[in-house]
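I opened the notebook to look up charged side chains. Entries follow the structure.

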Amino acid sequence: MKVSALVALAVAALASTPALAGDNDNDGDDFAFDLVRSAGLAALPTVAPNAHGRVKIESVGPVEIMRVTVWGLPPNTDFDFFVIQVPNAPFGLAWYQGDIETNKDGVGYGEFIGRFSIETFIVAPGVAPAPADPFHDPRRILDATQNPATNPVQLYHLGLWFNNPADVVKAGGPGTITPFNGEHDAGVQVLNTGEFGETDGPLKQVTTSGN
């Protein structure tokens, strides 16, 4: 099901709940902030030099709706969007949200529904075996066979990566392979929330009514 359909279903369901209907219509519950060009591109002036983005998060009670608009990117190009621990390398832990594709003008848009707030975190109480690698492609970054144990780690930053290293090369950058797409063979990061401090990412400012 397309994201737009999910958004319509979520909003309709939440609006039918009296306690949440007012929140859904209250602009005061919205939080907006910028995505800026990654510090990793500082030495690569030809790679998306005018890249920028804007994020708006709307809290609708048990979830948030995150709307992402990006521009100044290569046209007709696929990118991958992540929630991350810190904005620039080494990034820390990361959570794949989905894809954003630019149009002929280098503008892209994505909508995501989930927990994008002060409560966004990853936890691993213990070590467990990971599912078998579904790709088996030696050109990609291989999956781990088990997870590391970790106490809860809050994830308050966002990042956008080139889906294909070849698109970075076309823009005059390196063909570096990173794990930031579904097949773990993405290119370099292009946008992030680096205007915020490493431990004070923008999601930390979104409060919730959840538990």
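**Salt bridges and a charged patch**

I count a salt bridge when a side-chain nitrogen of Lys or Arg is within 4 Å of a carboxyl oxygen of Asp or Glu. The pair links distant parts of the chain, 51 residues apart: Arg-115 is in the loop between β6 (108-114) and β7 (121-124), Glu-64 in strand β3 (residues 64-71). Strands are DSSP runs of E, at least two residues, and helices are runs of H or I, at least four, both numbered from the N terminus.

The model is predicted: local features need pLDDT of at least 70, side-chain atom pairs pLDDT 80 or more, while totals for chains, interfaces and linings use all residues. Residues are numbered from 1 along each chain as its sequence is written, and side-chain values use heavy atoms, without hydrogens and water.

Is Arg-115 buried or exposed? Arg-115 is buried, because its relative accessible area is 18%; buried means under 20%, exposed over 50%, partly exposed in between (1.4 Å probe, protein chains only). Arg-115 also meets Glu-119 in a salt bridge (3.5 Å, N to O). Glu-119 is partly exposed at 22%.

Next I checked Lys-56. Its salt bridge with Asp-30 has the closest N and O atoms 3.3 Å apart. Lys-56 lies in β2 (residues 52-59) and Asp-30 in β1 (residues 30-37), so the pair ties together parts 26 residues apart in sequence.

I noted a network of salt bridges linking Glu-58, Arg-67 and Glu-111. The structure holds 12 salt bridges.
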